[in-house]
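This report describes the architecture and local geometry of a single protein chain. Please read it alongside the sequence and the coordinates shown below.

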Amino acid sequence: MYFYGWNLILVILVARKANSVVIDLSHGYQNQSTTCWNPTQRFEIFGVKRDESPRWYSTQSFSVSEHCGTHLDAPYHFYQDGWKLDDIPLERMIVEGVHLNVSHEVNGNGDFLLTVDHLKKWEHDNGPLPQRSVILVNFGWAHKFGNRQLYYNNDTERSLLSFPGLSKEAAQWIVDSKKVFGIGVDGPSVDAGRTTTSDVHKIVSKANIYNLENVAINGTTLPSKGFKLIIQPIKIIGGTGAPCRILAFTNNTLDK
């Protein structure tokens, strides 16, 4: 608890003293339009109540899958002995951010795979991965979110899905680094759309590394490194994942 509290204080100090900009890396949830992995599921608002007299009162309910919109995959999602959502230590939710931007190389290619060479190039250009980090991979895909046909490159057939992801070798390299708490992507999954084995999920889950999917990186000014992330999933007891708010704290003088 002391460790977590110190990190929270540190982030607040960064935001206040270093002239930081706070960037929201989450897509908003919209009634009947925010898509989930399962094409039959949607974020839904219901039970809306409004009472304007004698004083204003408003309430409503919502229904959503754990793996819908911007969300966190707990290791238990793909590994029986992995951490469930509420098992993930709090200090793993306040982390160093790494931004790996391959959007120009992807250029809309749904078959693109992030390789070990991409990770090594980031280290060549920026130095070693920081300890206690979350890697955010920018495939240039987030602007497609909201249009399921474009986002998945197919709206109906699982075997025809096409969107970028990590290679299993890249996933193992990240695990072996022993520096990474989480991996985020601006597409539907850390595994590429064409996969039939979900290797990346399985590899990182066994190391209790969580995934962040549908991250809203588009249009942001994230530097390659030197920023903090606060990861805020809904605390679902025993959850395999949850909708998630992701905040980046970065100094606005950085121009990368």
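## Basis

This is a predicted model, in which local features need pLDDT of at least 70 and side-chain atom pairs count only at pLDDT 80 or more, while totals for chains, interfaces and linings use all residues. Residues are numbered from 1 along each chain as its sequence is written, and side-chain values use heavy atoms, with hydrogens and water left out.

## The chain as a whole

The chain has 6 helices and 12 strands; these are DSSP runs numbered from the N terminus, with at least four residues (H or I) for a helix and at least two (E) for a strand. Of the 256 residues, 48% are buried. Here buried means under 20% relative accessible area, exposed means over 50%, and partly exposed lies in between (1.4 Å probe, protein chains only). Among contacts (heavy atoms within 4.5 Å) between residues at least 6 apart in sequence, 73% join residues at least 24 apart.

Helix H3 spans residues 116-126, and its buried residues are Val116, His118, Leu119, Trp122 and Asn126. They lie on the same side of H3 because they cover an arc of only 165° around the axis, the arc being that of the directions from the helix axis to the C-beta atoms. The face of H3 turned away from the buried side carries the exposed residues Asp117, Lys121 and His124. The cover over the buried residues of H3 includes strand E5 (94-101), helix H2 (103-106), strand E6 (113-114), strand E7 (133-138) and helix H5 (168-177).

In H5, the buried residues are Ala170, Ala171, Trp173, Ile174, Val175 and Ser177. Their cover includes E6, H3, E7, strand E8 (165-166), E9 and helix H6 (199-205).

Strand E9 (residues 180-185) contains valine 180, which is buried at a relative accessible area of 7%. Leaving aside neighbours within four places in sequence, valine 180 is in contact with Leu129, Ser133, Ile135, Ile174 and Ile209. Valine 180 and valine 95 are 85 residues apart in sequence, with a C-alpha to C-alpha distance of 9.3 Å.

## Aromatic rings and charges

A search of the whole structure finds 8 aromatic pairs. Rings of Phe, Tyr and Trp (its six-membered ring) pair if their centres lie within 6.5 Å; planes under 30 degrees apart count as stacked, over 60 as edge-to-face and the rest as tilted. Tyrosine 151 and tyrosine 152 form an edge-to-face pair, at 5.6 Å centre to centre and 85° between the planes. Tyrosine 151 is buried at 1% relative accessible area, and tyrosine 152 is buried at 3%. Ring pairs link Trp37, Phe145, Tyr151, Tyr152 and Phe163 into a cluster.

Charges also sit over rings, a term that requires NZ of Lys or CZ of Arg within 6 Å of the ring centre and within 35 degrees of the ring normal.

| Charged residue | Ring | Distance to ring centre |
|---|---|---|
| Lysine 144 | Tryptophan 141 | 4.6 Å |
| Arginine 148 | Tyrosine 152 | 4.2 Å |

## The disulfide

The structure holds 1 disulfide, defined as a pair of cysteine sulfur atoms within 2.5 Å. This bond joins cysteine 36 to cysteine 68, with an S to S distance of 2.2 Å. The pair links distant parts of the chain, 32 residues apart: cysteine 36 is in the loop between strand E1 (20-24) and strand E2 (44-51), and cysteine 68 is in the loop between strand E3 (57-63) and strand E4 (71-73). The disulfide of cysteine 36 and cysteine 68 is left-handed because the torsion about its S-S bond is about -65°. Cysteine 36 is buried at 1% relative accessible area, and cysteine 68 is buried at 0%.

## Backbone geometry

Most residues other than glycine have a negative phi, and most peptide bonds are trans. A cis peptide bond joins serine 53 and proline 54, with omega about 0°; proline 54 is in the loop between E2 and E3. Glutamine 32 is not a glycine, yet its phi is positive, near 65°. Glutamine 32 lies in the loop between E1 and E2 and is partly exposed at 46% relative accessibility. Lysine 178 likewise has a positive phi, of about 55°, although it is not a glycine. Lysine 178 is in the loop between H5 and E9 and is exposed, with a relative accessible area of 72%. Just after H3, glycine 127 takes a positive phi of about 95°.
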